[in-house]
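Please keep the sequence and the model side by side as you read.

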Amino acid sequence: MTRTRLTTVEEVPENGSFLFTVRERDGPEEEVILVRCSPAAGDDADCATGDDAEADDDAEPHADASGGTDDGREWTVRAWRNFCQHETDQRLDRGSGAAVRDGEVVCPKHGSMFDTCTGYCDSGEAADSYLSDVEVTVDDGVVYLTDAAVEFSHTGGVEEGDDDDGGPSSTSHLTF
């Protein structure tokens, strides 16, 4: 199995994201966010291990990587493509980290909230959709990209001008 070192679990912000860029095989560069998935009380085993035995059969598959917290609880690191499912030109992490509140990634434009563990959105304009995953693995506290469908490009986002088609950006149109 080919794997590329991304970062350490400790470097993934607890209430934010770690941004990196991948390239689809023979395709454009795409941004990916890496987020921590802290299990809720009573859900520790299912979330930490990626065990979906009790999960909804209609749920989208998701990539996970297990790690641990300072208090010994297990949690999961997940990697999601950096766009809202409501409007795919809206980035969740615009370069300073995605907003993560109470275990959910928040779309900065519409306020849709995606569960960090499952990628599922139960509110806002993107309700009943899932974030698109990228496979990662944790080995001895180090996070590796293990998704065979993509190649690691670099840490951080797509550079300004790279793959820029002149279309709308994900920045606000408001001026002051």
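## A hairpin to start with

Let's begin at a turn. In the hairpin of strand 2 and strand 3, four residues lie between the strands, and Asp-26 takes a positive phi near 55 degrees. Bear in mind that this is a predicted model.

As one example of the pairing, Phe-18 has Leu-34 in strand 3 as its bridge partner. Strand 3 is also mostly covered, with eight of its nine residues buried.

## The disulfide

How many disulfides does the structure hold? There is one, and it joins Cys-37 to Cys-117, with an S to S distance of 1.5 Å. A disulfide is a covalent bond between the sulfur atoms of two cysteines. The link of Cys-37 and Cys-117 is right-handed, with 85 degrees about the S-S bond.

Which parts does this pair tie together? Cys-37 lies in strand 3 (residues 29-37), while Cys-117 sits in the loop between strand 8 (113-115) and strand 9 (120-121), so the bond connects parts that are 80 residues apart in sequence. Are these two cysteines buried or exposed? Both Cys-37 and Cys-117 are buried.

Now for another pair of cysteines.

Cys-84 has 0% relative accessibility, so it counts as buried. Cys-107, at 2% relative accessibility, counts as buried too. The cut-off for buried is under 20%.

Elsewhere in the model, three strands form an open sheet in the order 1-12-11, and their pairing is antiparallel. The edges are strand 1 (4-8) and strand 11 (136-139), each of which pairs on one side only. From one strand to the next, the twist averages 35 degrees.

Within this sheet, strand 1 pairs with strand 12 (residues 142-145) in the antiparallel sense, over four bridges. To find the pairing on screen, look for Thr-7, which stands opposite Val-143 in strand 12.

Methods
Residues numbered from 1 in each chain as written. Predicted model: local features only at pLDDT ≥ 70, side-chain atom pairs only at ≥ 80, totals over all residues. Heavy atoms only, no water. Disulfide = S-S within 2.5 Å. Helix = DSSP H or I, 4+ residues; strand = E, 2+ residues; numbered from the N terminus. Buried < 20%, exposed > 50% of the residue type's maximum accessible area, 1.4 Å probe, protein only. Pairing = 2+ DSSP bridges. Axes fitted to C-alpha atoms, helices over the stretch in contact; angles between N-to-C directions.
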